[in-house]
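Me: I have a model open and want to learn how to read it. Can you take me through the features one at a time?

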Amino acid sequence: MEASPKTVPTSGSIPTNTIDCGDGYYIVQGVDARGEAIYKSCKPEGEVCRFSWDYWQAIMYVDQFKNANTNN
């Protein structure tokens, strides 16, 4: 899954067809080259993203992003 202007937010909003996790955090679901589901967990504005093949891991990545921001 490559970033493109169609999927990366540029003005602080989340892209369409994503799972909104609140506070600008979101998860994008796609399909990898093998045809398996892949999830991209992102900070607001796509600043940092982590990939996972497991939905619950994707949610944990978002939680880690949020907790890291509150602990700084």
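Reply: Start with the sheet. Four strands make up an open sheet, ordered S1-S2-S3-S4, with antiparallel pairing. The edges are S1 and S4 (49-52), each of which pairs on one side only. Keep in mind that this is a predicted model.

Me: Which pattern does the protein chain follow along the sequence?

Reply: The pattern is β-β-β-β-α. That is one helix and four strands.

Me: How many bridges join S1 to S2?

Reply: A pairing needs at least two bridges between the strands. S1 (residues 19-20) and S2 (residues 26-31) are antiparallel and joined by two bridges. Ile 19 has Ile 27 of S2 as its bridge partner. Asp 20 sits opposite Tyr 26, also in S2.

Me: And how many bridges join S2 to S3?

Reply: Six, and S2 runs antiparallel to S3 (residues 37-42).

Me: Next, the cysteines. How many disulfides does a search of the whole structure find?

Reply: One. The test is a distance: two cysteine sulfur atoms within 2.5 Å. Cys 42 and Cys 49 pass, with their sulfur atoms 2.3 Å apart.

Me: Why is this disulfide called right-handed?

Reply: Read the torsion about the S-S bond. For Cys 42 and Cys 49 it is about 110 degrees, so the disulfide is right-handed. Then check the cover on each cysteine. Cys 42 counts as buried, at 0% relative accessibility. Cys 49 is partly exposed, with a relative accessible area of 27%.

Me: What about Cys 21?

Reply: Cys 21 is in no disulfide. The nearest cysteine sulfur belongs to Cys 42 and is 9.6 Å away. Cys 21 counts as partly exposed, at 23% relative accessibility.

Me: Now the rings. How many aromatic pairs does the structure hold?

Reply: Two. For each pair, read two values: the distance between ring centres and the angle between planes. Tyr 39 and Tyr 55 have ring centres 5.7 Å apart and planes at 65 degrees, so this pair is edge-to-face. The cut-off for that label is over 60 degrees.

Me: Which parts does the pair of Tyr 39 and Tyr 55 tie together?

Reply: Tyr 39 lies in strand S3, and Tyr 55 lies in helix H1 (residues 55-70). The pair therefore ties together parts 16 residues apart in sequence. Tyr 39 is buried, at a relative accessible area of 11%, whereas Tyr 55 is partly exposed at 28%.

Me: And the other pair?

Reply: That is Tyr 55 with Trp 56. Their ring centres are 5.1 Å apart and their planes stand at 70 degrees, so this pair is edge-to-face too. Trp 56 is exposed, with a relative accessible area of 59%. Tyr 39, Tyr 55 and Trp 56 form one aromatic cluster.

Me: Last, what do the totals for the protein chain say?

Reply: Take burial, surface and contacts in turn. Of the 72 residues, 29% count as buried. The accessible surface is about 4800 Å², and carbon and sulfur atoms account for 49% of it. For contacts, consider those between residues at least 6 apart in sequence: 25% of them join residues at least 24 apart.

Conventions: Residues numbered from 1 in each chain as written. Predicted model: local features only at pLDDT ≥ 70, side-chain atom pairs only at ≥ 80, totals over all residues. Heavy atoms only, no water. Buried < 20%, exposed > 50% of the residue type's maximum accessible area, 1.4 Å probe, protein only. Phe/Tyr/Trp six-rings, centres within 6.5 Å; stacked < 30°, edge-to-face > 60°. Contact = heavy atoms within 4.5 Å. Areas by Shrake-Rupley, 256 points an atom, 1.4 Å probe, with all protein chains shown as cover.
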